[in-house]
Amino acid sequence: MNPAPPDRAALLGFVRAMPKAELHIHIEGSLEPELIFALAERNGVRLAYASVDELRAAYAFTNLQSFLDIYYAGASVLLTAQDFFDMAWAYFLRAKADNVVHAELFFDPQTHTDRGVPFEYVIDGLSRACAQAWQELGIRGELILCFLRHLSEEAAFATLEQARPYRDKFIGVGLDSSEVGHPPEKFERVFAAARELGLHAVAHAGEEGPPEYIWSALDKLKVQRIDHGVQALRDPALVQRLVRERVPLTVCPLSNVKLCVFKDLRQHNLGELLAQGLVATVNSDDPAYFGGYMNQNFVETFAALELDAGQAVTLARNSFEASFASAADKARYAALLEECCRAHGVAA
Ligand SMILES: Nc1ncnc2[nH]cnc12
Ligand SMILES: [Zn+2]
C-alpha cells in the first residue's frame with residue numbers, strides 16, 4: 001500500500017488537534033480490561049475470564065445484544081464511589097489526550113442499583129471526577145442519566161425518583177440498551193416527568209432500530225438529540241425534518257462497525273449524513289470495547305471515507321452546537337477552534 005500523501009498526514013494532524021465535544025460516551029463502556037481486572041481484585045469479584053487477554057478476545061460482537069451481555073458483566077466490578085471515580089478519571093485522561101474540551105457522559109444507574117450499589121455511590125464518584133476534570137484538565141464534564149429500555153417503565157420511574165435528590169449533579173436523561181422491541185414510546189411518561197424537572201432529553205434511536213423509532217423519540221420523548229440515528233437515511237421525510245429542525249445525531253463510527261451495523265468503515269454513511277445537511281457528530285460510544293477513543297474514531301473514519309478539512313471543521317462545530325454547554329462555553333469552544341484552524345492553515 002502507498003504511504004498517505006503528506007497533505008493527508010497534515011489533515012489527520014489537524015483532526016487530532018481540533019478541540020471537540022464528545023456527546024455519546026457510556027462511561028461504563030470506557031472500562032478497560034486492565035481496570036476491570038484491577039477493580040475485580042480490589043473488590044474480591046470473581047470474573048468469568050482468566051486474564052485480560054482472554055477477556056479482550058471475547059470482544060467479537062455480532063450485534064448490539066452480543067455486546068451488551070459482556071458490557072453488563074464488565075460493569076459488575078464497580079462497587080464503591082471510588083471505583084466510579086477511577087473509571088471516569090481514566091476516561092477524562094484519554095479525552096484530554098484527544099483534545100476533547102467538553103464531554104457529556106452517559107451512565108446507567110440501573111446496572112448498579114439492581115446489584116445493590118447505592119445510587120449515591122454512582123453519582124458521587126462520577127460527579128467528583130467531573131469536578132476534577134474541570135479543575136485539573138480544563139475539560140467540562142457533565143452527566144446524563146440513561147434509563148435501560150429493556151427494563152420497565154415502572155423501573156425507570158423508580159430510578160428517576162432515586163435520582164431526584166441529586167438533580168443538580170446531572171443535566172439530562174437518555175435511553176439506551178437493547179433497542180429493537182423496546183420503542184421510545186414505552187418511556188413517554190417518564191421522559192415527560194424528567195423534562196418537568198428541567199432535564200435535557202436524548203435517546204438512542206435508529207442504531208439497529210427502524211426510522212419509526214427516531215420519529216417516536218422526537219414526537220413522544222421530545223428529545224433534543226438522537227443518539228446514533230444512522231438508520232434515518234432510509235426515510236427521506238425524516239431526514240428533511242432532522243435537517244430543518246437541526247436535530248443533532250451523535251454518530252459512533254467504530255461502534256457501528258464493531259456491532260455490524262455497517263460491514264466496514266468504508267460503507268459507513270457519515271459522509272452522506274453530512275452531505276444531506278444533518279447535524280452529525282463523531283463519538284466513541286463504548287471506547288474500551290470498540291477499538292478506540294475520539295481521535296481513533298475521527299482518524300479511522302477520515303481515512304476510510306476520505307473526508308476533508310471542511311468536513312472536520314463542520315464536525316467540530318456540530319459537536320459544540322449539539323452540546324448542552326452554556327453560551328459562554330460555546331463561545332470559548334468556537335474561539336479555540338478558530339485558533340486551531342489558524343495554526344494549521346485551515347479555512348475556518
Ligand atoms: N451502543 C449502545 N447502544 C445501546 N445501548 C448501549 N449501552 C452502551 N452502549 C450502547
Ligand atoms: Zn450508545
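Me: Is N269 buried or exposed?

Reply: Keep in mind that this model is predicted. The general idea is to look at relative accessibility, where under 20% means buried. N269 comes out at 11%, so N269 counts as buried.

Me: Where does N269 sit, and which residues is it in contact with?

Reply: N269 belongs to the loop between helix 12 (253–258) and helix 13 (270–275). Once neighbours within four places in sequence are set aside, its contacts are V230, L233 and F262.

Me: Let's turn to the metal. Which protein atoms are the donors of the zinc ion (ligand 2)?

Reply: Start with the donor atoms and their distances. Here NE2 of H24, NE2 of H26, NE2 of H204 and an OD atom of D285 lie 2.0 to 2.2 Å from the zinc ion.

Me: How are those donor residues spaced in sequence?

Reply: The pattern reads H-x1-H-x177-H-x80-D. H24 is in strand 1 (residues 20–26) and H204 is in strand 5 (residues 200–205), so this pair ties together parts that are 180 residues apart in sequence. Both H24 and H204 are buried.

Me: Which residues surround ligand 1?

Reply: The surrounding residues are H26, L64, F67, L68, Y71, D176, S177, H204, E207, H228, D285 and D286. Among them, H26, H204 and D285 are also donors of the zinc ion.

Me: Which polar atoms lie close to the nitrogen atoms of ligand 1?

Reply: Take the side chains, then the backbone. An N or O atom in the side chain of D286 is 2.6 Å from a nitrogen atom of ligand 1, and a polar side-chain atom of D285 is 2.7 Å from a nitrogen atom of the ligand. From the backbone, a polar atom of S177 lies 2.8 Å from a nitrogen atom of ligand 1.

Me: Last topic: how many disulfides are there?

Reply: A disulfide is a covalent bond between the sulfur atoms of two cysteines. A search of the whole structure finds zero.

Key:
Residues are numbered from 1 along each chain as its sequence is written. Chains are lettered from A and ligands numbered from 1 in the order in which they are written. This is a predicted model: local features need pLDDT of at least 70, side-chain atom pairs count only at pLDDT 80 or more; totals for chains, interfaces and linings use all residues. Side-chain values use heavy atoms; hydrogens and water are left out. Donors are N, O and S atoms within 2.8 Å of the metal (3.2 Å for Na, K and Ca); water is not among the atoms, so sites may look incomplete. Helices (H or I, at least four residues) and strands (E, at least two) are DSSP runs, numbered from the N terminus. Buried means under 20% relative accessible area, exposed over 50%, partly exposed in between (1.4 Å probe, protein chains only). A disulfide is a pair of cysteine sulfur atoms within 2.5 Å. Contact means heavy atoms within 4.5 Å. A residue is near a molecule or strand if one of its heavy atoms lies within 4 Å of it. A polar contact is a pair of N or O atoms within 3.5 Å; within protein, one must be able to donate a hydrogen and the other to accept it, and residues adjacent in sequence count only if both atoms are side-chain atoms.
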